[in-house]
Amino acid sequence: MSLVQRFTQALSRTRHRLLQALQDLRGVSQEAALLEALEEGLLQADVGVELTQELLQRLRERLRADGSSSLEELLRAELRALLPEVPPERFPGHPTVVLLVGVNGFGKTTTIAKLGYRWQQQGKRVLFAAADTYRAAAIEQLQQWAERLGVPCVRHHYGADPAAVAYDAVHAARARGVDVVLIDTAGRLHTKTPLMAELEKVVRVLRKVDPDAPHETLLVLDASIGHNALQQAREFQRHLPLTGVVVTKLDGTARGGMALAVARVYGVPIRYVGLGEGVHDLVPFDPEAFVAGLLGRMPAVSRE
Ligand SMILES: Nc1nc2c(ncn2[C@@H]2O[C@H](COP(=O)(O)OP(=O)(O)OP(=O)(O)O)[C@@H](O)[C@H]2O)c(=O)[nH]1
Ligand SMILES: [Mg+2]
């Protein structure tokens, strides 16, 4: 399946919501009615109030300035312009250290398995670090993925300092000639030990081993929570040097429009997208394919 097909499939429910209002308008051709329907659709698809208003404002201006392009063409261009280019994967470290952070249940551990599989397929030697020492069964969950993939997994006991696990993992990786270390972290936001302080310490300790580590800090966001996920995860951005976002569970949700606001909120691009629970279900984010999947073949609407 091509990337466009995968995005088209994953975004079918979101697309349905976005286009429903326009579909209902078939035959109506007043610009105001079209824009109103589009506004409704964007809100339904969880693009968010702020960004929806901004998009509509820009569309109005462009419709005024450009008499020949269709609404669909202008909308495609505006949506595409919201999504920054995705930087290529790079592995500058020895080992390259990738830290995954995010609210609990959003998909960090599963994403580690998927990324581990992806990079293994590219011939890289991968190691997992079980630095979620907090949630019951978190270590076993990562260990199970590691066993399935045949990847070494550095683990301590529950309650251990996550920074110590990260530190040991990088040393073990060096000793074994591993290319990439993927660090799993806890996701709870409200407990006695502040998670952000704990994660900041992980970063500090990693930098003692390699001043450039972590080479990637990926924030994991759950698309099915929709726009709320952006608010819930804002703390991570304040405390950590994010380099990208992974949007999980895009499959099956009708809230995929939230992805459009991600770069705006965090100032970093979406790097990967999760489209299912298996190790194959991760694709690099592709702005063109995303917009193509989001809009599909829009119902024909005339401007006249
Ligand atoms: N459908 C679907 N399910 C996913 C995806 N990514 C993760 N999941 C599921 O979401 C659930 C939570 O995933 P985890 O990887 O355990 O999430 P986590 O962020 O590590 O959670 P904590 O360890 O509790 O902080 C699991 O049941 C996963 O199978 C995805 O892209 N699509
Ligand atoms: Mg986890």
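**View 1. The largest pocket of the predicted model.**
The largest pocket has a volume of about 380 Å³. Its lining is made up of 22 residues, and those nearest the pocket centre are Gly105, Phe106, Gly107, Lys108 and Thr110. Two or more lining residues come from each of helix H6 (108-121), helix H7 (138-149) and strand S4 (180-185). H6 provides the largest share of this lining, 4 residues. By class, the lining of the largest pocket holds 3 nonpolar, 10 polar and 9 charged residues.

**View 2. Ligand 1 in its pocket.**
Ligand 1 sits in the largest pocket. Around ligand 1 there are 20 residues, of which Thr109, Thr110, Arg135, Asp251 and Glu277 come nearest. H6 contributes the most to this shell, with 4 residues. The shell around ligand 1 comprises 3 nonpolar, 10 polar and 7 charged residues.

Ligand 1 taken alone exposes 660 Å², and the protein buries 82% of that.

**View 3. The second largest pocket.**
This pocket has a volume of about 190 Å³. Its lining consists of Val47, Gly48, Glu50, Leu51, Glu54, His227, Gln231, Arg234, Ala261, Arg264 and Val265. At least two of the lining residues are supplied by each of helix H4 (49-65), helix H10 (227-232) and helix H12 (259-266). Sorted by class, the residues lining the second largest pocket are 4 nonpolar, 3 polar and 4 charged.

Rolling a probe the size of a water molecule over the atoms shows where empty space is left. In this model the count is 1 cavity of 30 Å³ or more. The largest cavity holds about 60 Å³ of space. Glu89, Arg90, Phe91, Val98, Trp119, Glu216, Leu218, Arg271 and Tyr272 line the largest cavity. Strand S5 (216-222) and strand S7 (270-274) are the elements that give two or more residues to this lining. The lining of the largest cavity has 5 nonpolar and 4 charged residues, and no polar ones.

Conventions: Residues are numbered from 1 along each chain as its sequence is written. Chains are lettered from A and ligands numbered from 1 in the order in which they are written. This is a predicted model: local features need pLDDT of at least 70, side-chain atom pairs count only at pLDDT 80 or more; totals for chains, interfaces and linings use all residues. Side-chain values use heavy atoms; hydrogens and water are left out. On a 1 Å grid over the protein atoms alone, a cavity is a set of points where a 1.4 Å probe fits but cannot get out, and a pocket is an open set with protein on both sides within 12 Å along at least five of seven lines; lining residues have an atom within 4 Å of a point. Grid points are joined across faces, edges and corners, and a volume is the space filled by probe spheres set on the points. Ala, Val, Leu, Ile, Met, Phe, Trp, Tyr, Cys and Pro count as nonpolar, Asp, Glu, Lys and Arg as charged, and the others, Gly among them, as polar. A residue is near a molecule or strand if one of its heavy atoms lies within 4 Å of it. Accessible areas come from the Shrake-Rupley method with a 1.4 Å probe; for residues, only the protein chains shown count as cover. A molecule sits in a cavity or pocket if more than half of its atoms lie within 2 Å of its grid points.
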